[in-house]
Amino acid sequence: MPLHLFRVLNKVDQNTLPSQVSLQLAQPLDASLLNGLKLALEGEHQYFNAGLAIALSSTWLQRTGHLEFGNLEQTSPLPEQFIKGLTMASLQGRAQIVPDRFMNIETTGELVFYLDGAHSPESMEVCGKWFSLAIKEDNQRPALDFQPSSHELAQNHQVHYGRSRKNFAQILLFNCMSVRDPRLLFPRLMKTCASHGVYFKKALFVPNISVYHKVGSHALPPTESQVDLSWQFTLQRVWENLLQGDKGGEAKNADNVAEDISEDTEMIARNCENSAVFSSLPLAIKWLRDSVQKNQSVRLQVLVTGSLHLVGDVLKLVKK
C-alpha cells in the first residue's frame, strides 16, 4: 500500500535549500493505539489520513518545544489529546450516513442517505468500498433501524423494530461537474460495488441547487422547465451504455425489489430502464420519499456522490 509522504524543513526561512528538506514516511494508524475506540471518520482510507495527521502534528509540536509529543512510536497508545481528536473529528459530506427524518416515525430509517463527495476515479473506488461495507453492516444489524428519541416514542408506540421483512434496494443519486469524465468515474464505482455484491437498482441524475445561488446575486433561480439538463442526459447515457455492456448481467440481482420502487414517472424528465433524470434535486428526493411511503416493504439506501455541491444540497434538504 502507498504510504503518505511529508516534507520537514530543518530551517524555516526564505533561504532554505532543497538539501535541507528531509522526506519522511507516515505509516497508517494502527487501530490498537486508540484504546479500544474507533476513528470518528468512516472508511479504511482514514487510517492513512490519521497516520499522516499524527506525523504532522507530532513534528510540529516537537519543533515548537513540546518535546513530550515528538517522535511518537506506534507501539503504545497515543496521547489522550491525539485519541480525543481522532475519535471526535467531524467532516460532513465524507462517508456520512443520514437517515431521512422527514419520514413519519413508522418509516424512520427506511430512507437513508449515504453521502460522500468523491469526484475522482480514485475516490470513487474508495467511496464504493465504504458504501458497500456500510450497507452490509447496516442490513445485518438486528436491532432497531434507527433509534428514535424518547419524544418520538411517546408520540407513537408502534415503531418497527425488525428488518426481516424488508427488501433492501441501493439507489445512486449523482451529479458531477462537466469537466469530469463519467466514463472514468462510473466504472470504478460500479466495479468496486459489484466486487462486494452491491448493484444499484436505479441511478438518479440531477442538477445542483447551489449552482443557481451565487454569492451576491439577487437573481431568482430558473424554473424547473428552464434548467439545462443536457449534462444530466449525458451522464444517464453513459450509465445506461455501461450497464448494457455488462455481459454478466449480475445487476439483475436487484430485480427482486422492482415492484417496491415507485414507477410514478410524472416527476421524471427522462426515465430509462436503469436510470432517471430529474429537473431538480427536490423532485428526486420527493420521488424517493414517495417510493418508501407507497411501498412499506422496501428500504432505500441512497448513495449521494460525484460532487460536494450535491452532497451539501442534499444535507440542506434532508436536515431541514
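Phe205 has Val277 as its bridge partner in strand E8. This is a predicted model, in which local features need pLDDT of at least 70, side-chain atom pairs count only at pLDDT 80 or more, and totals for chains, interfaces and linings use all residues. Residues are numbered from 1 along each chain as its sequence is written, and side-chain values use heavy atoms, with hydrogens and water left out.

Strand E6 (residues 200-205) runs parallel to E8, with 3 bridges between them. Two strands pair if DSSP finds at least two bridges between them. Helices (H or I, at least four residues) and strands (E, at least two) are DSSP runs, numbered from the N terminus.

E8 also pairs with strand E7 (residues 268-271), here in the antiparallel sense and over 3 bridges. Ile268 has Phe278 as its bridge partner in E8. E7 and E8 form a hairpin, with 3 residues between them.

Strand E8 (residues 275-278) is covered on both faces. Ser275 and Val277 are buried on one side, Ala276 and Phe278 on the other. Buried means under 20% relative accessible area, exposed over 50%, partly exposed in between (1.4 Å probe, protein chains only).

Now to helix H8 (residues 308-318), which holds Asp313. Asp313 is buried yet has no salt bridge. A salt bridge is a side-chain nitrogen of Lys or Arg within 4 Å of a carboxyl oxygen of Asp or Glu. The nearest side chain of opposite charge, Lys316, is 4.5 Å away. Lys and Arg count as positive and Asp and Glu as negative; His and the chain ends are not counted.
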